[in-house]
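Q: Please give me a close look at the interface in this model, and follow it with an account of the parts around it. I would like the cut-off behind each term as you go.

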Amino acid sequence: MTDIVEYVPLVRELHERAAKLKQPVNGVFELTSLCNLRCGMCYVRQSGGDKAPGVRKELSASQWLEIAGQARENGLIFLLLTGGEVLLRNDFFEIYEPLTRMGFMITVFTNGALITDSIADRLARCPPSRVEISLYGATSATCEKITGVPGSFAACRAGIENLLARRIPLVLKSTLSRFNVAELEAMRQMAHGWGVPFYASWLLSRRPDKQGSEVEDYRLSAEECVELEATDRASANELREAALSEKVPDSDSNFYCKAGRAAFIVNPYGDLNVCSLLPEPAARPLEIGFHNAWMEVVKYVDSAPAPSPECLGCRDRVFCGRCPAWSLMESGTLSGPVPYWCEIARARKKRYGRPADPSPIE
Amino acid sequence: MKRKDELMLQKVGGQALLIPLGAKVLDMNGMVVLNTTGSFIWELLAEERSFEELVSAVVERFAVEADRAGDDVRTFLDDLIRQGWIAL
Ligand code: SF4
Ligand code: SF4
């Protein structure tokens, strides 16, 4: 009567099931937008003026717990705590510890630099299901060039070791950019040296709030992205299958993810949104109740326009990862083509497409 | 017997899951899927229950014979005891 089920397929199946029922099983709490590092490509961090007047006030610990309690009543199970840097909140444990008694599978994203012995001890008393830490490089020079903070490489390594010493489940990852892509292999080796899983991602998006981030300077070219993908067996296989299946994605649905059907995000100011890259419709759970706010998100996604005619008619579409969030950031509408994705899709098609495929007229 | 407070039942549609709480997260490394009878018994175990009480509740709820219900309840309890999830 208790079944041991493989974790990843089970989680996927639960999300499918939840999406049909519009049950918000997956939630992100962006506890703060403040960060101790200053990565140029970041899409969240608020810089210097964060304490300046006019900046919205972040939710208090009790407000987060109020939202969590209501979200739980509505079926939330997988909860990600992220920032900014969550450990910059002095009251982090006033939020975290009660959450661990509410029946959530909790993941914590952090840059690791603030995980001292005493923080690690406190986490180990009621550990999350997983901590994910970002590596910015395999050397202090590269890491600190990106983070802009001297000493952050050593601090992050110490944080990782503090967690490992307490058997807290850990995953390492890296966001690749022009400045650290050369150290990908070395980062992978670092992770393997610790016996920890590692994954990398490299699709850098702009900031949804359109404040200055230097994403263009950091982004890899489409060819470089596709080259990297080819080194990652899982994504290369997926793309080969896409090429073989010739199946064009479900043509009239714009959202192909679980956002707004099984997933949501709450930003530091208490707005309930579709996802971190699509900060709409800014429903207010603390004012109208979580259920009503979630329904606003569901409605927002349900009533999104179809992809643009260009995308619907596009021959590279099976190779494209455009979604409404990318469209909004890069084209200002929920459905327009995203030039960066067009380039990637074209490069993928060149690599994985069948030779017999007629190439699109340029 | 009664369930311990180290796991919490959550549902997605008809699917019931036991989510580990507190330090239990480290031992379990995941979550447990319960079938309908399992989750029914788990809910009953919020209170102190005897084996007989559980069996007759299962008989009543699922309209099965007492023997079959007895076997099911025993298998389930064995699982829970092995994992240390109930206090006898
Ligand atoms: S970024 Fe796009 S694909 Fe990802 S959750 Fe948001 S809308 Fe969905
Ligand atoms: S974003 Fe570009 S590549 Fe993707 S479907 Fe639209 S037109 Fe095609």
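A: Between them, chain B and chain A bury about 2,400 Å², 66% of it on carbon and sulfur atoms (buried area being the accessible area, with a 1.4 Å probe, that two parts lose on being put together, summed over both). Of the area that chain B buries against chain A, 26% is supplied by B:Val12, B:Leu26 and B:Met31, more than by any other three residues. This is a predicted model, in which local features need pLDDT of at least 70 and side-chain atom pairs count only at pLDDT 80 or more, whereas totals for chains, interfaces and linings use all residues. Residues are numbered from 1 along each chain as its sequence is written, chains are lettered from A and ligands numbered from 1 in the order in which they are written, and side-chain values use heavy atoms, with hydrogens and water left out.

Counted by residue, 29 residues of chain B are in contact with 33 residues of chain A, where contact means heavy atoms within 4.5 Å.

The elements of chain B that give two or more residues to the side touching chain A are strands E2 (7-12), E3 (15-20) and E4 (32-34) together with helices H1 (24-28), H2 (36-44) and H4 (66-83). Strand E2 of chain B gives the most to that side, with five residues. By class, the side of chain B that touches chain A has 17 nonpolar, nine polar and three charged residues. Helices (H or I, at least four residues) and strands (E, at least two) are DSSP runs, numbered from the N terminus, and the classes take Ala, Val, Leu, Ile, Met, Phe, Trp, Tyr, Cys and Pro as nonpolar, Asp, Glu, Lys and Arg as charged, and the others, Gly among them, as polar.

Within strand E2 of chain B lies B:Met8, which counts as partly exposed because its relative accessibility is 21%; buried means under 20% relative accessible area, exposed over 50%, and partly exposed in between (1.4 Å probe, protein chains only). Not counting residues up to four places away in sequence, B:Met8 touches A:Arg72, A:Arg101, A:Met102 and A:Gly103 on chain A, and B:Leu17, B:Leu18, B:Ile19 and B:Leu21 on chain B.

B:Glu43 is partly exposed at 42% relative accessibility, and B:Lys11 is partly exposed with a relative accessible area of 40%.

Turning to chain A, there are 15 helices and nine strands, and 52% of its 362 residues count as buried. In helix H3 (residues 92-99) of chain A, A:Glu97 counts as buried, since its relative accessible area is 17%. The side chain of A:Glu97 makes a polar contact, at 3.0 Å, with the side chain of A:Arg122.

Chain A also holds a salt bridge between A:Asp271 and A:Arg284, whose closest N and O atoms are 2.7 Å apart. A:Asp271 lies in the loop between strands E8 (263-266) and E9 (272-273) of chain A, and A:Arg284 in the loop between E9 and helix H11 (285-288), so the pair ties together parts that are 13 residues apart in sequence. A:Asp271 is buried at 6% relative accessibility, whereas A:Arg284 is partly exposed at 24%. A:Arg284 forms a further salt bridge with A:Glu287, the closest N and O atoms being 3.3 Å apart, and A:Glu287 counts as exposed at 59% relative accessibility.

Key. Polar contact = N/O pair within 3.5 Å; in protein donor to acceptor, adjacent residues only side chain to side chain. Salt bridge = Lys/Arg side-chain N within 4 Å of Asp/Glu carboxyl O.
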